[in-house]
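Hello,

Here is the structure I promised to pass on to you. Have a look at it first, and then read my notes below.

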Amino acid sequence: MSGTYLGMPAFPEAARTAVRDATLRGNLRHATHTIRAKRAAAVAEVSDWAALREAGRRIKDHTLRHLDRYLEQVEASVTAAGGIVHWAADADEANRIVARLVRETGESEVVKVKSMATQETGLNEALAEEGIRAYETDLAELIVQLGRDRPSHILVPAIHRNRGEIRDVFRAEMGAWGRPAPEGLTDTPAQLAEAARLHLREKFLRAKVGVSGANFVVAETGTLVVVESEGNGRMCLTLPETLISVVGIEKVVPTWRDLEVFLQTLPRSSTAERMNPYTSMWTGTTEGDGPRVFHLVLLDNGRTDTLADEVGRQALRCIRCSACLNVCPVYERAGGHAYGSVYPGPIGAILSPQLRGTGSAVDASLPYASSLCGACYEVCPVAIDIPEVLVHLRERVVQGGPAVRGGNRVVLRPARGHAAERAAMRAARWAFARPGVLRTGQRLASRTRRFHPRTLPGPGRAWSATRDLPPVPAEPFRDWWRRTGGGADETKGAAR
Amino acid sequence: MSGRERVLGRVRRALADVPRDERPYEEVIARDYLREHGQRTPAKTADLLARNLADYRALVHRCAPGEVAATIAGLLAARGARTVLVPAGLDPAWLAESGAERVEDRAESTPGELDLVDSVVTGCAVAIAETGTLVLDGSAGQGRRRVTLVPDHHICVVRVPDQVVASVPLALPRLDPARPLTWISGPSATSDIELSRVEGVHGPRTLEVVLAGAE
């Protein structure tokens with residue numbers, strides 16, 4: 001994934017800084033609470049939500065389990081409709097392909113639809129190195145790009161910014177990128193949206209190359225679908241002469257009819273709308289309407305590694321609605337940047353360590369960035385059991401074991417930071433297998449209970465810093481059982 | 001090895017655990033969900049469409065089939081539109097009563113030229129009541145995708161009841177995926193500032209829908 005995030009601190013350190021930022025916490029709390037209630041109301045409107053969710057889960061699972069067949073079908077149908085299909089095994093390859101395609105048009109700038117896939121590959125930075133300027137056109141992406149910031153939410157990358165901060169960014173930075181912010185710009189959302197409209201208009205009208213992702217690719221027809229609100233997507237998808245869409249291989253659905261499920265579940269889950277303002281669907285190229293040349297770049301970049309994990313592969317069902325972020329108590333407090341990835345929140349905590357591996361400090365810490373409360377699973381429109389995958393990934397971090405990285409089978413070494421925990425567990429296993437040892441240990445613990453510290457020393461300190469140690473009873477359970485005959489005769493004198 | 005072979009090879013190795021004789025798509029995908037939510041008469045469905053369009057800030061006007069021209073003329077006049085973009089194949093009767101100058105959409109019209117036009121009038125392929133959605137497919141009277149995007153004022157005529165369906169599952173079979181499709185639910189909007197919805201960004205900021213049919 002993108003080099004932008006190299007050297008990120010592990011989640012706990014990043015989160016510690018973030019939770020001290022009162023403005024950030026206020027912004028996040030306001031935004032997530034606004035959307036939470038609205039999503040619940042939008043979902044409650046449809047009586048068959050559970051059935052839609054189950055159908056979505058099954059369509060995605062089935063597609064993933066036969067992905068090779070469906071990818072070949074996509075290739076055939078897109079090609080038949082006049083598109084050109086490219087395959088990219090990793091981020092570098094995808095960026096190289098896109099840069100080459102842009103160079104071949106002779107252009108030096110592109111307009112972009114908001115796209116997670118190209119965020120993930122760090123496309124803008126790669127294009128900049130080739131002398132190609134990429135303009136983000138989604139309002140939130142524009143705020144992030146102008147502010148030289150990083151995205152902190154899947155749907156609303158500038159969720160960490162409030163209206164006053166956005167106004168300041170527009171005033172200070174728009175001029176350097178094109179049309180400056182209007183005089184006397186205030187912080188009302190309508191005026192800020194108007195400023196973005198004016199700033200981007202000239203770019204849309206002269207654009208020759210558009211770059212997008214896609215929410216869905218229909219295998220049987222070769223149709224791509226982009227779901228959006230502002231109309232910037234429509235601008236980028238229809239006005240340029242060349243369109244390049246970079247799409248993760250997990251975005252495929254088998255049939256046209258499958259869209260009837262996701263077009264009901266996605267808008268309600270993400271923006272809490274019955275339907276988002278604009279959805280564009282295109283199949284290859286159309287004479288006289290829209291781009292004359294269409295390229296589809298199918299992106300792996302860790303997805304096949306994720307697919308190889310029988311528990312973890314369900315993360316690939318994700319349709320990027322971001323409902324799990326909006327309900328997560330950890331995300332609400334720590335914010336998106338702490339996750340050190342373009343995919344923050346609960347889905348990011350299971351996706352990033354699978355796409356990138358658990359080699360870095362931040363990726364090894366992400367499976368722990370959760371209280372396992374399960375709210376994310378409950379709202380997920382494709383029923384990804386995020387807590388299950390989190391626990392599975394914790395196991396992988398602690399114990400190591402077989403995995404697939406870059407298409408190759410590897411055996412991961414257990415993480416070093418968990419040596420003390422592993423030693424404690426080994427000791428526990430040894431003791432539990434020896435009744436005599438266990439009995440002696442328990443009796444000793446009971447007799448010395450007055451002298452037990454309230455926190456653990458040494459490597460155990462981190463554990464007991466946020467938890468109370470369990471009190472040790474005056475008498476071990478097994479002694480009590482033997483003495484009272486299983487509780488039948490409590491009157492028998494206590495041992496001590 | 002090409003990118004294609006590498007990716008497909010990885011996919012196949014990753015799926016080594018999937019049995020060859022797994023149940024086919026048709027059996028696996030349970031479609032237990034509803035085709036539409038609730039039973040309604042065509043008139044009630046049209047009411048729902050009007051309500052949901054208005055809920056997302058589209059301006060809805062209802063008229064008899066014979067009053068379309070007068071309704072459109074009134075809307076263009078109220079807007080102060082001096083020019084109106086006419087997509088190929090638009091029913092000429094619809095603009096018969098308007099004094100606005102007609103601008104034909106030609107293949108060589110640039111986006112910059114479209115940007116100078118005040119309004120655009122189109123029909124649609126289908127309208128979805130439950131979601132308040134209009135779908136345009138670029139056939140006669142609907143124009144290329146750009147004509148309903150660049151001008152700031154879009155008037156869309158829906159023939160009631162034959163172009164109205166209740167739900168998304170009932171709309172898809174009516175649409176041809178080979179055509180470029182645009183689904184429109186209200187004027188352009190954004191939720192990007194503090195996750196609150198604001199209408200009016202890059203697409204037409206005013207969407208007016210004429211529901212033409214007997215009340």
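Which residues in α3(A) meet which residues in α4(A)? On the α3(A) side they are H62(A), T63(A), L64(A) and R65(A), and they meet L67(A), R69(A) and Y70(A) in α4(A), where contact means heavy atoms within 4.5 Å. These residues divide into three nonpolar, two polar and two charged.

Before going on, please note that this is a predicted model, in which local features need pLDDT of at least 70, side-chain atom pairs count only at pLDDT 80 or more, and totals for chains, interfaces and linings use all residues. Residues are numbered from 1 along each chain as its sequence is written, chains are lettered from A and ligands numbered from 1 in the order in which they are written, and side-chain values use heavy atoms, with hydrogens and water left out.

Back to the helices (DSSP runs of H or I, at least four residues; strands are runs of E, at least two). The axes of α3 (residues 49-65) and α4 (residues 67-80) of chain A come within 5 Å and cross at roughly 90°. The axes are lines fitted to C-alpha atoms over the stretch in contact, with angles from 0 to 180 degrees between N-to-C directions. α3(A) and α4(A) are therefore roughly perpendicular, a term for 65 to 115 degrees.

There is also an open sheet of eight strands with mixed pairing, in the order β8(A)-β5(A)-β6(A)-β9(A)-β9(B)-β6(B)-β5(B)-β8(B). Strands pair if DSSP finds at least two bridges between them. In chain B, β6 (residues 133-136) and β9 (residues 181-184) are antiparallel over three bridges, and V135(B) stands opposite W183(B).

Best wishes

Technical notes
Parallel < 35°, antiparallel > 145°, perpendicular 65-115°, else oblique. Nonpolar A, V, L, I, M, F, W, Y, C, P; charged D, E, K, R; others polar.
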